[in-house]
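Keep the picture in view as you read.

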Amino acid sequence: MKILKSLFLSLCSICLLLLIACNSGSTAETNSTSANKTLNIESNVISQDISQNTSEGENDFSNISEKDLSTIASNKQQAESEQQAESEQHNADAVLEDDGEQDENIVQNDIDLRKLADYNYIAITFDDGPVSENDEKLLELFSKYNGHATFFYNGYKIENDPDILNKVLEQGSELGNHTYNHPNLNTMNAEQTLAEVESLNDLIKSITGTVPVFVRPPYGEYNQVTLDTLPYPLVTWNVDTRDWAELDVDYIRDSILGAPPGSIVLCHSIVNETVSAVEQALPILYEQGYRFVTLSELFEIYEVEPKAHYVYWFPSSPVIDE
Ligand SMILES: [Zn+2]
């Protein structure tokens, strides 16, 4: 009996030891799993907080960008939610310190995206379209980064390609007026100038129901008659990719990459190389913290109201021709 009892006790001890060993192992796992869960939860909370229409994980950052714009436009109203977001960021930071390797990229992306002040915004613009094949590719590229662009179309080209206009607007990009026939406005009187712009606005309105905000004079050429006549803000650019002349993907890409924050970049969607250059430039710029916006969004971000009879080449520096 003694022998049996001691055998029983020994067995119990072994079981107990095994139990302790198992428990400590599973505790470690639980901690790690819990950290992962916390990370995922934080990530979800941040995503939900910032994006209203998150559908798929891989698109989370896109929706966040979309929200960023409205956040900037209504900073004061968002103050409360930003405070909440900030405290969530601290939580996420704390979790990251505990378990730096797990899901760091996902959470880090979310955190970086919420530092609104750290963003660099540029408006990439495409003249001389529509060229629907290229424009549709560009829209897809910008959508990938929840970016928007501005397309300055000519009326005589829209006649053959009207469907693209609504696709541009549906994507969130902007339409601009590049005159009906692409003349040098320096050579035109007031009546001709007005006709060039208004006939295109009428056409765009008949297709989309809306009228563009901005006019871009062909060749960037305008004079006092142009400014006095047109009841719209004119916009040129501060970065010229010279895509139409260079026809070189690397050159065009590097021009876009060299754009300082707040830039208005001139491209032409009629140039096939430009589409490839944009495809290469967007991911690099995005990684650098650039976000791609329409001209109207850029002006809103810089809190500049575009005014008729002014020319803008950079939103914070309107040029007034005397
Ligand atoms: Zn042009």
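In this predicted model, Ser132, Asp135, Glu136, Leu139 and Ser143 of helix α5 meet Asp163, Ile164, Lys167, Val168 and Gln171 of helix α7. By class, this contact of α5 with α7 has three nonpolar, three polar and four charged residues. Two packed helices are described by the angle between their axes and the distance between the axes, and the points below use both.

**α5 beside α7**
- Helix α7 covers residues 163-171, and α5 packs with α7 at an angle of about 5 degrees, with the axes 11 Å apart.
- Angles under 35 degrees count as roughly parallel, so α5 and α7 are roughly parallel to each other.

**α5 beside α12**
- Helix α5 (residues 132-144) also packs with helix α12 (residues 272-287), at an angle of about 5 degrees and with the axes 10 Å apart.
- This pair, α5 and α12, is therefore roughly parallel too.
- On the α5 side the contact is made by Asn134, Lys137, Leu138 and Leu141, and on the α12 side by Asn272, Val275, Val278, Glu279 and Leu282.
- The residues of the contact of α5 with α12 divide into five nonpolar, two polar and two charged.

**The buried face of α11**
- Which residues of helix α11 (residues 249-257) are buried? They are Val249, Ile252, Arg253, Ser255 and Ile256.
- Looking down the axis of α11, you would find these buried residues within an arc of 160 degrees, so they line one face of the helix.
- Among the elements that cover the buried residues of α11 are β1 (120-129), β5 (239-240), α10 (243-246), β6 (264-268) and α12.

Terms used. Residues are numbered from 1 along each chain as its sequence is written. This is a predicted model: local features need pLDDT of at least 70, side-chain atom pairs count only at pLDDT 80 or more; totals for chains, interfaces and linings use all residues. Axes are lines fitted to C-alpha atoms, for helices over the stretch in contact, and angles run from 0 to 180 degrees between N-to-C directions. Helices (H or I, at least four residues) and strands (E, at least two) are DSSP runs, numbered from the N terminus. Angles under 35 degrees count as roughly parallel, over 145 as roughly antiparallel, 65 to 115 as roughly perpendicular and the rest as oblique. Two residues are in contact if their C-beta atoms, placed from the backbone, lie within 7 Å. Ala, Val, Leu, Ile, Met, Phe, Trp, Tyr, Cys and Pro count as nonpolar, Asp, Glu, Lys and Arg as charged, and the others, Gly among them, as polar. A residue is buried if 20 or more other C-beta atoms lie within 10 Å of its own, exposed if 12 or fewer, and partly exposed in between; C-beta atoms are placed from the backbone. The arc is that of the directions from the helix axis to the C-beta atoms.
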